[in-house]
Amino acid sequence: MICSSAIIALTVSACAPSASISESGSEQTSANIRLEKLWTAEGFDKPEGAVAAPDGTYLISNIAGNATQKNGKGWIAQVGADGAFNDTPWAEDFNAPKGMVVKDGVLYVADIDELVVLDAITGEKLASVEVPGAKFLNDVAIWQDNIVVSDSETSSVYVLEGNTALVLFKTEDHAGLNGLLEASDGALLIGSMSTGSLLSYRQEEGIEVLASGLDKPDGIGLAPNGGYVVSSWPGEVFHIGADFQVTKMLDTRRDKVLQNDLTISGDLVVIPNLQPGTVTAWRLVLDEAS
């Protein structure tokens, strides 16, 4: 269990040198890994978050209004692994739902200043957990068997203990904390939109910068080659290798297609596109080194 007594203001404890970003076209990378488009589903209303459900489908959060306004218009859609979708809400009456995670058959949804808890199979609402001081909850993840959620506006990460949300840490050096992911070595990875950095957090060591040069990073997922895939909401997707070399895999900025949160299941990457209101699935293809 995470210690609940400390509210920690952190500074950067170490900085890794920023690797140059290599570019290799809109759907390929020189890091021996590329994206192969599978399908695009339409009919969403500002889709932002994605998570794999226990039944093999994908759940997509729809903000459906102002991202900071409590209007009850938000909803969650259910999409098949083949992109099959109808616009009947799987769950509704949210405000501006964003990041989600499933743990032990329970779905946790970031909804402005609270975590909404639902049955991950039926969509039945189980609870709402107020997150004190939160203003723009964004991504949700599992870290050290705990639920953690980022608040982009206050540059904080909260941890859920029972039915109580407590500040895990807050930083003044990296604003716009967004995507979260537990690394294989137990660290918590975080994307900072203001500094364009991929960060690593450990309770004993604080924050370390792992990679830079990302434009407003959003979702973070584990790639099948052991590296990471990071979406950038203005319209890019990056691969970050084990050596933290950053390579651009996709650029849809000219087409005005946003790349928001992502979820990875095996080699399948599902990414909501808040604009133009679509969800796109990609296969991560590993090529043999030449």
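These legends walk through several close-up views of the predicted model shown above. Local features need pLDDT of at least 70 and side-chain atom pairs count only at pLDDT 80 or more, while totals for chains, interfaces and linings use all residues. Residues are numbered from 1 along each chain as its sequence is written, and side-chain values use heavy atoms, with hydrogens and water left out.

View 1. Welcome to strand β24, residues 246-251, where K248 is found; strands (E, at least two residues) are DSSP runs numbered from the N terminus. K248 has a relative accessible area of 6% and so counts as buried (under 20%; exposed is over 50%, partly exposed in between, with a 1.4 Å probe and protein chains only). Its side chain joins that of E236 in a polar contact of 2.8 Å, that is, a pair of N or O atoms within 3.5 Å, where within protein one must be able to donate a hydrogen and the other to accept it, and residues adjacent in sequence count only if both atoms are side-chain atoms. D251, partly exposed at 25%, meets K248 in a salt bridge of 3.5 Å, N to O (a side-chain nitrogen of Lys or Arg within 4 Å of a carboxyl oxygen of Asp or Glu). Salt bridges that share partners join E236, K248, D251 and R253 into one network.

**View 2. K103 meets D145.** A salt bridge of 3.5 Å, N to O, brings these side chains together. K103 belongs to strand β9 (residues 97-103), whereas D145 sits in the loop between β13 (137-143) and β14 (146-151), 42 residues apart. K103 is buried at 15%, but D145 is exposed at 57%. The salt bridge count for the model comes to 13.

View 3. Ring pairs link W143, F169 and Y201 into a cluster (centres of Phe, Tyr or six-membered Trp rings within 6.5 Å; planes under 30 degrees apart are stacked, over 60 edge-to-face, the rest tilted). The structure holds three aromatic pairs. Elsewhere, the charged end of K98 sits over the ring of F136, 4.3 Å from its centre (NZ of Lys or CZ of Arg within 6 Å of the ring centre and within 35 degrees of the ring normal).

How values were computed. Helices (H or I, at least four residues) and strands (E, at least two) are DSSP runs, numbered from the N terminus.
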